[in-house]
Structures are given as C-alpha cells and as structure tokens.
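Good morning, colleagues. I would ask you to keep the sequence and the model in view while I speak.

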Amino acid sequence: MDRIPTRSAAPSAPARAHGAAAATRGVPALLLCLALLLWGSLAHAVLPIEHWTTSTGARVYFVRADAIPMLDVNIDFDAGARHDPVAKSGLASMTAAMLARGVEGLDEATLAERFADLGASRGGGAGDDRASLSLRTLASPRERDAAVDLLARIASSPTFPAALLERERERTIQGLRESLVRPDAIAQRTFSALIYPSHPYGADPTPESIAAIRREDVVAFHRARFGASGAVVSMIGAITRAEAEAIAERLTRGLPAGTPAAPLPEVTAPAPLERRIAHPASQSHILVGAPAIARGDPDFFPLFVGNYVLGGGGFVSRLTSEVREKRGLSYSVYSFFSPMAQPGPFTVGLQTQKAQTDDALKVVRETLSRFVADGPTEDELRAAKQNLVGGFALRIDSNRKILDNLANIGWYRLPLDYLERWTDRVEAVTTEQVRDAFRKAVRPDRLVTVVVGAGDAAR
C-alpha cells in the first residue's frame, strides 16, 4: 500500500509486477455492489489481525469481516523471479502461470468452469520476491469449501501439461518480442539491468531464456519453491477463527516439502552512468535512480512522506512544479521508492520531447539535489502529511486492499499493528528525518540514468 507508484512491468507475460492478474471469472455483480458497503466504518477502525502458524509451518494472517458474505484468500510462496536460473529467466512466472492449467482429473477448461459455477474467481502471478495464488469466493460453506479445495489442488498438485506449457511459452515469447520494441519497456529493462548488474533483480526474461524452459524445469521449481514451511496465507472474510484455521490447514497440507533457497547475492551500489538508446519514438523515456531500501527499513516512513513532496504527490509535487508547471518540459514526472526483500529501487521517471531531453534532465537533477540537501519545507511536509493521513481510509476500503496489506505484513514480517500505527507514524515524520533519510538512501551523484529516444546526437 506504500509504494507510489509500484514498480512497473511490461504487460507481456511473464509479468514481473507482484500479483499479476490471472482471474478466471468475475464474482457476480451483486456481490461487488455489496462489497462497497463493507468499509464505511471499518476504514476508521483498527483492523483486528490474528496470526498463527499451521501444523505444516505456514504463517497465517486473518481478519474477520462479517459485513458481506465473502472470503478473500491469498497464498504467497518464496518463488519469485529472484530465484530464476540465469539462463532461464522467466521460470518463476512461467511456473505461476501454469499452476491452473490442470490438476489431477481436471483440465484447464474444467477448472475454470468449476470456479465459475461456484461464483468464485482465482488469480495469481509471480513478482521479484514471491509468487502468489488468490481466491475470492462466497463465504457459505458449500461454495467456500469447494473453491478452497480447488485452490489447494492448484497449489499442491498441478499437472503442468506439456502441450499447454508449449502454448504458454510461445505466447510469452511473442509478447516479449512485441515489448522489446517499445521505448518504455526498453527503458525499464535497461534500467533494471544497470542498477542491479550482479543481482537477480536486474534480470528480465528474453525470448531465448523462455525458449530454454522445459517441463522438468517447471516441475522442479514448483517442488522446490512452493513448500508449506515458507508459505504465507492471508485471509479476510465472513468466517470464524476456527474456520480460518481449517482452511489454512487444507490449503497447505498437500504442498511439496520444498527445499531451502540458495543464498542470494547482496545488492551493491552500481557505478553512476548515463545510457542513451536512440529510438524513433517522438518522446524520450527517462528513468533515473539506484537501489535504495528494503522492506522494514527504519527510514521507510520519512522516505515515504518525503517522496510525496518530491515526486509522489502528483500535481502537488516538487518535480511536477519544476519540470511541468514552470517549464512545460513534461506532461508527467514522478518518483517512488519500491522496497523489497532486498534493497529495491528509488526511481524518477518522465517522458519529454526529444529536443528537450537535456533540459528536462538538468531540471530533474537540480530539483533532486536540492531536495536531498535541504529536505521539504515545513509547509510542504504539513500538506503531505495531511493528504496521506486524509487518504488512509481509501487504502483499506475493500477486501482486496486489506488482503494486499495482510500479505505484505505477513511476507515482510511487519508488525501486526502496522496499519493501526500507520497514520501516527506518518504524522510523526519531521523535516529533519526526511532530510537525513534521503541523504542516506539517495546520492544524486551516484545515480543511473537511462534515456530511450534521444540518442547520443542529442547530448
């Protein structure tokens, strides 16, 4: 809930953004209307998060919400793209995409029909840190138990049909080839590779790496990375604690044993550099940044609030004021921190006319340097905190949003009172804390810059 915006990804599969949609069928419209009634009062109340560990070793996070007869479930696994073999980048996303292509006794079409008949929807995907499966179902026992059983079978015993894997592989390769000519995708892939030159966070799938993936690779990855002991189950809905415990056991008892993950390399600061790639697009796509913070960093809230002033607050941000409003160099300019299990990136992004590339970059760099040196003014900080605190209710105004928060709390082992204390921690941020945190996390003279559009001739 705290990234503004979240780390972007090319829409072609395998998607890197966490929770890439893979829904089978929508919940009936009546239930969607009922969902809007749920959070009128809860948005302003403390969320009673309950936590326990199943007999299988999975950690569970549960919020009881009786206002509407629905249940939302999410299962996270330590099966993100950071575990992809170097020559088979995309294996995590391919495995996640194949989970619902068939289970013992049920093919892909039958699975989809079963979920639809129950009025349930299923989703899933893989990001850099984790892979997920999600379920939305009626909370009534008959529908709920049947939907949970289907999700458990998808998680524990997928058949990975060879013909469907070939279909998924070809579709993914075609999508990648299409994306590799788009300036935004080229910029993002180049940026990731440069800021993470020796870390899996910097690896993106290629047509060659996807073509190298075989069924035995998918089977082995599932067996190793989808174990119960590393799973996190998040639930919110109209069920009791006892029912939630039974569901968590059902979802995790059939999972493979799993194996410990190999140690991942540390994230190291890249050398500062600027990479320009000529492209026929009318605009230059620009990304500036470097690795910054991991989840749980004590400076998270000062950086989060400070970034709202710098580039996360839309039309009220410094970058928008300097780059767009005063000089008309870009329609949109933004900045964000994307904390992950290991230090995720700080990013500034914008598009500008090719002829204005150097001017826009100069203003961005000057604005960022001043902000890191001086921090926000008291008026800017006050306005940022008012906007963030005032909008907090919108961050937990649906089952889906609360489920996402539960999953983050569970996966990154954040305190159970994280949401309860969120507004207080925002309110407590001072200008000195923002300045000190930015000076530690962002070094303007050590950033990577990628420009796709205006090549060397524009320099």
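I shall go through the sheet, the cores, the helix contacts and a few single residues in turn.

This is a predicted model, in which local features need pLDDT of at least 70 and side-chain atom pairs count only at pLDDT 80 or more, while totals for chains, interfaces and linings use all residues. Residues are numbered from 1 along each chain as its sequence is written, and side-chain values use heavy atoms, with hydrogens and water left out.

Let me begin with the sheet. Helices (H or I, at least four residues) and strands (E, at least two) are DSSP runs numbered from the N terminus. Two strands pair if DSSP finds at least two bridges between them. An open sheet is formed by 5 strands, in the order β9-β13-β10-β12-β11, with mixed pairing. Its edge strands are β9 (273–278) and β11 (333–337), each of which pairs on one side only. From one strand to the next, the twist averages 15°.

Strand β10 (residues 283–293) runs antiparallel to strand β13 (residues 448–453), and 5 bridges join them. Within this pairing, G289 has V448 of β13 as its bridge partner, and L287 stands opposite V450 in β13. β10 also pairs with β12 in the antiparallel sense, over 10 bridges; there, the bridge partner of H285 is Q351 in β12.

How many of the residues of β10 are buried? Buried means under 20% relative accessible area, exposed means over 50%, and partly exposed lies in between, using a 1.4 Å probe and protein chains only. In β10, 10 of the 11 residues are buried, so the strand is largely enclosed by the rest of the structure. Helix α7 (residues 183–195) lies across β9, β10, β12 (344–353) and β13, and runs at about 30° to β10.

I turn now to the cores. A nonpolar core is a set of buried Ala, Val, Leu, Ile, Met, Phe, Trp, Tyr and Cys residues joined through side-chain atoms within 4.5 Å. The largest such core has 59 residues, and those with the most contacts inside it are V305, F337, F346, Y418, W422, F438 and V442. Which helix gives the most to this core? Helix α11 (residues 300–312) does, with 8 residues. Contact, here and below, means heavy atoms within 4.5 Å. Not counting residues up to four places away in sequence, V442 touches F337, F346, L368, V372 and L447. There is also a second, separate core of 54 residues, which includes F62, L91, L111 and I213.

Next, the helix contacts. Two packed helices are described by the angle between their axes and the distance between the axes. Axes are lines fitted to C-alpha atoms, for helices over the stretch in contact, and angles run from 0 to 180 degrees between N-to-C directions. Angles under 35 degrees count as roughly parallel, over 145 as roughly antiparallel, 65 to 115 as roughly perpendicular and the rest as oblique.

The axes of α11 and helix α14 (residues 378–390) come within 9 Å and cross at roughly 110°. The two helices are therefore roughly perpendicular to each other. On the α11 side, F304, V305, Y308 and V309 meet E380, L381, A384, K385, N387 and L388 of α14.

Helix α3 (residues 91–98) and helix α9 (residues 215–225) have axes 9 Å apart and pack at an angle of about 85°. α3 is thus roughly perpendicular to α9. L91, A92, M94 and T95 of α3 make this contact with D217, V218, F221 and H222 of α9.

In helix α12 (residues 318–325), R318, L319, T320, E322 and V323 are buried. These buried residues pack against α11, β11, β12, α13 (357–374) and α14.

Finally, some single residues. D72 is placed in strand β3 (residues 70–77) and is buried, with a relative accessible area of 2%. Its C-alpha atom is separated by 5.7 Å from that of M235, although D72 and M235 are 163 residues apart along the chain.

F160 has a phi near 50°, a positive value in a residue other than glycine. F160 is found in the loop between α5 (141–156) and α6 (162–179). R413, likewise not a glycine, has a positive phi of about 55°, and lies in the loop between α15 (399–411) and α16 (422–428). Is each of them buried or exposed? F160 is buried, with a relative accessible area of 3%, whereas R413 is exposed, at 60%.
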